[in-house]
Amino acid sequence: MNVLHLDSSLTGAASVSRLLSRETVDAWRATDPAVRVTYRDLAVTVPPQLTPETVAALRLRSEPASAQGKAELLHINTLLDEFLAADAIVIGAPMYNFGVPTQLKAWIDALAQAGRTFEYTPQGPRGLAGGKRVVIASSRGNIYSTPQMQDKDFQERYLVAALQFMGITQFDVVRAEGVNRGPEVCDAALASARAAIAQLFTAQNTAHETVAT
Ligand SMILES: Cc1cc2nc3c(=O)[nH]c(=O)nc-3n(C[C@H](O)[C@H](O)[C@H](O)COP(=O)(O)O)c2cc1C
């Protein structure tokens with residue numbers, strides 16, 4: 001079992017999503033010694049933003065003219081190959097300005113390649129990268145899981161939508177929300193996230209919060 005462990009928070013040692021993604025991977029390793037983990041810190045090795053040159057190269061399957069374009073295309077395809085090689089992915093995903101950090105958005109941009117992770121058919125788009133399990137280690141300052149707030153969540157819902165588009169159907173969310181609402185709410189949020197992690201890898205549990213497609 002190849003697990004790809006990603007972090008994207010910019011707050012270093014203070015990061016809640018980094019804490020949760022690490023505890024998730026540790027719990028996974030503890031229950032399955034066959035787990036092999038590849039770690040990638042998207043805040044340290046930042047994926048390139050798409051440019052006219054790299055988009056043209058991806059669309060036409062051509063080689064970029066500039067040295068920078070060539071290096072960016074190589075980086076993008078390294079991210080894609082790493083994703084395709086993973087059986088499971090743990091994504092440390094903070095909410096920044098209602099969405100995900102730009103570094104994590106750039107990772108999604110690298111993966112969404114026609115003919116590799118999705119294709120269009122007359123019936124509509126079809127995902128080509130299914131069969132993976134995804135765990136989103138989510139942290140956010142406010143609370144968005146209520147009916148009144150969930151339409152403002154462009155973080156978890158975005159990640160699920162983008163990865164569903166690529167064919168993934170099995171999602172778990174380990175969530176600490178309300179972490180900026182003071183110590184009591186933050187402590188309760190962490191306890192709730194840790195309880196979710198403890199549930200994740202029990203024998204009968206294949207998906208804590210499977211999202212219907
Ligand atoms: C740049 C930035 C933008 C943020 N935007 C939001 C936001 O839109 N909504 C929210 O609830 N919290 C927001 N927060 C708070 C974070 O979601 C919260 O601190 C969370 O713990 C961040 O994850 P991290 O600790 O792994 O970095 C923001 C924090 C930062 C640093």
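Author: Buried means under 20% relative accessible area, exposed means over 50%, and partly exposed lies in between, with a 1.4 Å probe and protein chains only. The model is predicted: local features need pLDDT of at least 70 and side-chain atom pairs pLDDT 80 or more, while totals for chains, interfaces and linings use all residues. Residues are numbered from 1 along each chain as its sequence is written, and side-chain values use heavy atoms, without hydrogens and water.

Reader: What makes Phe83 and Trp107 an aromatic pair, and of which kind?

Author: Rings of Phe, Tyr and Trp (for Trp, the six-membered ring) pair if their centres lie within 6.5 Å; planes under 30 degrees apart are stacked, over 60 edge-to-face, and the rest tilted. Between Phe83 and Trp107 the centres are 5.9 Å apart and the planes stand at 85 degrees, giving an edge-to-face pair. Six aromatic pairs are counted by this rule.

Reader: Why is the pair of Phe83 and Trp107 said to tie parts together?

Author: Phe83 belongs to helix H3 and Trp107 to helix H4, so the pair joins parts that are 24 residues apart in sequence. Helices (H or I, at least four residues) and strands (E, at least two) are DSSP runs, numbered from the N terminus.

Reader: What makes the pair of Phe98 and Tyr144 stacked or edge-to-face?

Author: Their ring centres are 6.3 Å apart and their planes meet at 90 degrees, so this pair is edge-to-face. Phe98 is in the loop between E3 and H4, and Tyr144 in the loop between E6 and H5, so the pair ties together parts that are 46 residues apart in sequence. Phe98 counts as partly exposed because its relative accessibility is 41%, whereas Tyr144, at 8%, counts as buried.

Reader: How do you know that Lys132 lies over the face of Phe83?

Author: A charge sits over a ring if NZ of Lys or CZ of Arg is within 6 Å of the ring centre and within 35 degrees of the ring normal. Lys132 lies over the face of Phe83 at 5.2 Å from the ring centre. The charged end of Arg157 is placed over the ring of Phe154, 5.7 Å from its centre.

Reader: What makes a set of residues a nonpolar core, and which residues have the most contacts inside the largest one?

Author: A nonpolar core is a set of buried Ala, Val, Leu, Ile, Met, Phe, Trp, Tyr and Cys residues joined through side-chain atoms within 4.5 Å. The largest has 28 residues, and those with the most contacts inside it are Phe83, Ile89, Ile91, Leu104, Trp107, Val134 and Leu163. Helix H4 supplies the largest share of this core, five residues. A second, separate core has 21 residues, including Leu20, Val174, Ala193 and Phe201.
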